[in-house]
Every structure is written in C-alpha cells, then in structure tokens.
Amino acid sequence: MENSTNLVCEGLILPLTDESGWSYEFRVFIYLLGLLWSFFAIAIIADVFMVAIEVITSRTQKLKIANPDFPGGVEEVEIRIWNDTVANLTLMALGSSAPEILLSIIEIFGNGFYAGDLGPSTIVGSAAFNLLVITAICVACIPKDESRGIHRIKVFATTTLFSLFAYIWLFLVLQIISPNVIEVWEAVVSFICFPILVIVAYMFDRDFCGIKRHEKDMELGVSEGSPFLSTGHIDKKVVAEFMREVGRHPDLDEATIAQLIALEAQKHEVHSRSWYRVNASRGMLGQKKIEQEVEPHVLELYEKIKKKELPANLPQSDQSAGGTKAVVEFRASSCAVYENEKKVQIVVERLGLLSSQVTIRYETVNGTAEAGSDYIAQRSTLIFEPGETEKVIEIEIIDDNEWEPDETFFVKLAMDANNEASLGHRSVMQVIIMNDDEPGVLEFTKTSYLVKESAGVVFVPVGRNQGVDGKIEVQWRTKDMEAVNGKDYMGGEGILVFEHNEKEKEIEIPIIDDQEYEKDESFQVELFEPTGGAQLGRLKKTVVTIINDDDYAGILDRVVAITHVNMDRLKMGNSSYGDQFVDAMNVNGGDIEGASAFDYILHFITFAFKVIFALVPPPGFLNSGGWITFGVALSFITILTALVGDLASIFGCLIGLKKSVTAITIVALGTSLPDLFASKTAALNEKYADNSIGNVTGSNSVNVFLGLGFPWLIASLYWAAKNDEFVVPAGNLAFSVTVYTICALVCICVLMLRRNLAIFGKAELGGAFVPKIISAVFLISLWFLYVLLSSLQAYQIIFPSE
C-alpha cells in the first residue's frame, strides 16, 4: 500500500491542510471518523429540516360547512392546505432524500459540469437499500399474527410504475438511446417526469375518475388521509368516546385520565412520514423524543381498558385501576355493639390486586364515646399477605353497668402513598355502643338521592336502627321512572345482608354514562321482605335522580386541556430560540429521567452539532410558517453534503474503494439509516403500510427525476451552449441500474404475492412467522446480491466495460 505521502486524494473542499506528513493509518482513521460524525450531523440538521417541512405541509384553513346537527346548521372545520400525497412526493421526499439529491447536484457543479460517480451511484444505492432492506425489515418486524396492507394502493401502484420507469429510463438514455451522452431533451424528460408523477399520483389519490376518496373513506369508516380536521388539536368526539370506557374507573384523577387520552390520541393519530423520520433520528441521537413516555401502570391500565378486562372479583365501581392496585376498605360504613358484649369485631376487606403484601394503619377516634371510659383506644397496623382478602379489628368495649344513651366513636384507616394500593370509599367506620338487643328497623336514610351521570355508580345507604342483634337480610328492587334499567342504570333486584352488629350498608347501583347531554332522569329503589325479625321503617322507598351533568362540559374541557399539555410535549418543533438551546444542551431534551446511558453517549458525541444547529430559526420565526427554517436548514445540509462527498471520496481513495462502490455501500447506508428506523416505527404503529413502505417507491422516483434530472438538465444546457455534449459514462452506473431494476421487479412481485396469497396473510407486511421471515431474508439477499454484482463489475471482474 502506498504511504500517505505519495497517495493523492482530494475533494471539492478537503483536505484543508497539507496532510503529506500524516501516516496512512491516521488519515484513514480521521476520514472514517469524520465521515461517521458527519452522518450524525446530517441526521440532526435533517431533523430540523423535516420539522420545517411538517410545519409547512400541516398548515390548515378554516372552512364552514352545512351540518344540521350543529347550532345554526353550520359546522366550522379545518381543512389541510397540502394534500398528503403531494406533500409526500415533494417536500417530504426532498426532506428524507436531501443528502442524496444534493450530493448529485453539488458533484456536477463542483466538477465543472462534468459527470461524477459518487452522486448518481449514491442515488441508485439508496434506492436499493430503501426498497430491499427497509421493506424486508418492515415485513419481519410486525408482531405475531398481525399484518399491515397498503391502503392507498392506486397511489402505490402509480409511484411503483414511475419508479420502475425511472430506472429503466436511466438505462435507456445511458446505454441505448445516446450511449454515454445525456442530450438536452433526455434531461428535460427526466426532469419533467417529476411534476408529472406528482400530478398523476394526486389524481389517483383523489380518484377523480371514480368516487371521491374522502367519500369512499367515510363509507368504509376510514379517516386516514381525510383533509378534514377537528377545530382543536384533539377531537372532543374522540375524547368522549374513549371516556366511556374510562368511566368504568371513576376513581381515576383528571391527570391520569389525560395521560390515557393522550395515549389514545397518539395511537389513533395518523402521523406523517416526517414525524416518523424525526422521531427515528432523535431516538438515534439522544435528542428530545416526540413519542409520549407513559408510566408503566398507566400503560397497563390503558391496555385493560382497551381490552375491556376487569377482574372477576371487582365491582363495576372498581377503584383498583383495573385490578392493578389493591383497594382496602371497611366492609360496612357503620356498625353497632351492645355494651355488655364487651368487644366489637370490624371487618376490613381487600379487593383488586391480591398478589402483593399490603400494610395499612388504623386508629380509633372519639365521638360521643370517649376512649378510656367507653372503649379502649387502639392504634396499630394490619398486614394483608398475598392472597389474603379479610382482616378483623377487635376493639374492647367497657361495660360500666350504668344506663347511657347510644354513643359513637370512629375507626379510621390510613396508608402511606403507594402505587400498588389505595383506600376505598369506606375508609372510616362509625361504631355505635347500644343498650338494647333488638334485630332493628331497616329504612333508607333519605327520601331521595342525586347522582351525576358521570359518577359511574350511586351508593344508596340503608340504615339499621333500634337494634343490631343477629344477622338479617332485606331484599331490594329498582323501578323505572324516567330512567330506564339497562339504558341509564343497571338495576334489578338484590339482597342486602347485615351481619351481627352492622349498622349501615349500601346498595350499589351502576350508572351508565352515555356521554350525551340529556335531561334529568329518575328511578325508584324499594326495600321489601326483611328477615331475622327485622322490620321496615317509614322510608322503605327512595328515588334516585340522575342529573344532567352540568359539570361534564367543564370536566371534559379540563381533561382536554391537560391532554393538550401532554400532547404538546410531542410537538416536533420548538417555538423559540431559548427552547431550542435548552433542548440542544440537555440530554434527551431535558428529560433526564427518560434518558438512557446510550442517550448520554450520543449526546456527548453530537453536542457541538446540536448547539450549532440550534442557531437555525425556529419554525414560527417571524410567522414565516416554517419557510425560513426550511431555507436555513437546507443551506446547512448543502454544506454538510459537500463535506460528506469529500470525506467519502477521500476515504474510499485511501482504502482503494472506487467511488461507485463507496456510494452504494457507505454513503447509501449512512444517509438511509434514519429512514430505516422511521419505516420500522411506522410499520409497528400504523394501521396501514403506506407510511412504512408505501413512500419508498415515490421517494426513489423523486431521487432520479430531481436528483439526476435537475443537475443533468443544467449540465446538458451548459454544454449545449458551448456546442458540446454532456458526457456521462454508462459503464458502472448502467450496470448498477440494470441489477437494481431486476431486483426491484422481483421485490414488487414478492409484495404483490404477499398481498394476494393467504399464506402471507394477504398483506404486504407481517403475517405468519415463517413466511414473513422467508420473505425478509429473500429481500435482504437481493440487496447483498446487488451490492456484490455492482462491486464486482466496478472492479472489472465481471462484465468488464470496453
């Protein structure tokens, strides 16, 4: 190997100094390190670039449409200005492929309008990696027995045909029509295919020759791609729908509900390609994440709510967060004891989670009865072992053999803050010391009760007066008035059991919250047929009124507001320079708790670039709608791309790699890795495969039409003005294009077979384990075959050029 003194390797910008005194090994190390570091830099600034594109393409305008269900018959909605397909094929494609496209343009201008090998080969190499490797990973990563199909199949077919045409056209102009020369008309056709692709894809997306796409989606119940948005960031209809299920857990606080709704909104939100690209880049670079971090117990609760799973031992009014927490409470809210019995036993129950040990404190509190003269005070703890559901507190009663009126004291439960346990609503027990031994008189404590529809359950207390001797039972039943059993509440008949000494029990009746505004409705509850010698008192009937929840709108607004706070954390861009520098200078954007060791390492490696690129104006700068950010970020990407081109060329030169091989391997992989992670995330999270593999063919088409068509057009015009020809040696490029085109055709055939054969689940992604793994391995093998054949030809080992 030649030493570095004799090995001359130069680029457009580099080297910046005389490297003749450097050792060969040191130069190789420095240029490899610089190349890898520059890939990080491009990923960071491409993140900023994609955020600007997202802001630009997500702009909306308000539109009033007729809707008889809204006040005044008019509904105000927001409509996207940019069509999704047009955005994906223009700005989104430019954002994800900017380095490849700019590398080709810079190489043409930097070489004095002579063709180079690095730019065109990088475009073909990236296309091969995107179509073969990314598709393979997306096919294999889908969870077991799940599948994802392409929804906008007409758009996919259009971009696929244009993609194949693009590379067939490349071969024709390089090898057949005008070998080794790009004529002006050929460059014009290459470039003009870009707007034609956008127009045709848009026409098929809107289905101008058939049913309008948004109408068809409405028929199918599909909202993806619909241009209509809610008037806020979060659709209250979606919130209200999910709150029907959340309503099964009325003990949840608003903050927890907001986390659940933010998670639900994130699950249903249709993200753009740029969202996945930015999220993937930030995950690789230790930056601020745009996916919501959810606490494990909230995620577990979310899964239970979605699956409508409630443990069998839990009532409808469960306070245990779907069985993920233990709930400890008294079995009754009141009990009584005869003074001559000298002790009272109070039952404490545990519901919900039974697998853990729970410790709870209790103490007695004076009422009219006083500790020391009427009972013996206690302050102690109860320990529920795993699987244990009941504990008994025994309190000594003092019998002074003197007549006294009924007296009361209380027993109170308490526990330390605990994510696995909580107190139920019966956390205080009233104990009445009595002087008679009758079974008692049963009656309701009030003539009527009010309950909000959103409460989820009503507890109707039944008192036992004039004696608490022995075990007694009383039957109860509900009777419809305005409220209807099964529609507004879950009533019927039941039996209420009073154990010996129990003074008050509750009838628990679930209330159905349909999340609709309606007038107040009532139903009746009646006691009948007491046993054990007990009698019914005067209040043997009561009325429960379900009131129109005046606070519901306010509660919903508060929950939505809290949810917006959670969702705001997921915003891709920052609103000010201050926020940008805070995110840049802190690991994980300041979310220290969510940062891993890998995040810290990447933050240290990329810190300088993060701070430099924080100088790019934020998307809202001067109310530019993201365009200033777009322009400045594009300028940075252009400079970095020129640097990458030099680093790759010189590194390849130093280790003896031809430029075309360097392009289809190192450069193509370095610029395409963020797309790989973005597509994988989209494949896992999206209902359809459009955002994971559907955009690959469109991006590959744009790379050729824009990345080669534009610089070739400029160069061909330049040489035509000089009465000369724009020479582009076909050799390596034509062979690489041929191999890729064959591999692409095979890949498309595989995808079509997967879409139509039951063995693959009739979907492009996922399906049964063995077939999807075979598909993925086969596609990756095609990529290795492409790289191998292209490299062998570049070194003239096979099919040597003349």
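Guide: Of the 802 residues of the protein chain, 52% count as buried. This is a predicted model, in which local features need pLDDT of at least 70 and side-chain atom pairs count only at pLDDT 80 or more, while totals for chains, interfaces and linings use all residues. Residues are numbered from 1 along each chain as its sequence is written, and side-chain values use heavy atoms, with hydrogens and water left out.

Visitor: What makes a residue count as buried here?

Guide: Buried means under 20% relative accessible area, against over 50% for exposed and partly exposed in between, with a 1.4 Å probe and protein chains only. By that criterion, 52% of the 802 residues are buried. The accessible surface of the chain comes to about 35800 Å², by the Shrake-Rupley method with a 1.4 Å probe; carbon and sulfur atoms account for 59% of that surface.

Visitor: Why are helices H1 and H2 called roughly antiparallel?

Guide: Angles run from 0 to 180 degrees between N-to-C directions, and axes are lines fitted to C-alpha atoms, for helices over the stretch in contact. Angles over 145 degrees count as roughly antiparallel, under 35 as roughly parallel, 65 to 115 as roughly perpendicular and the rest as oblique. Helix H1 (residues 24-57) and helix H2 (residues 84-110) pack at about 170°, with axes 8 Å apart; H1 and H2 are therefore roughly antiparallel. Their contact (heavy atoms within 4.5 Å) includes Phe49 and Ile53 of H1 and Leu91 and Leu94 of H2.

Visitor: Which classes of residue make up the contact of H1 with H2?

Guide: The contact has eleven nonpolar, three polar and one charged residues. Ala, Val, Leu, Ile, Met, Phe, Trp, Tyr, Cys and Pro count as nonpolar, Asp, Glu, Lys and Arg as charged, and the others, Gly among them, as polar.

Visitor: How many bridges join strands S17 and S20, and what makes them a pair?

Guide: Two strands pair if DSSP finds at least two bridges between them. Strands S17 (residues 457-465) and S20 (residues 502-510) have seven, in the antiparallel sense, so they meet the criterion. Within this pair, glycine 463 has glutamate 504 of S20 as its bridge partner.

Visitor: Why do S10 and S22 stand at the edges of their sheet?

Guide: Nine strands form an open sheet of mixed pairing, in the order S10-S9-S12-S14-S7-S20-S17-S15-S22. Strands S10 (379-384) and S22 (535-536) each have a single partner strand, so one side of each is left without a neighbour in the sheet.

Definitions and conventions. Helix = DSSP H or I, 4+ residues; strand = E, 2+ residues; numbered from the N terminus.
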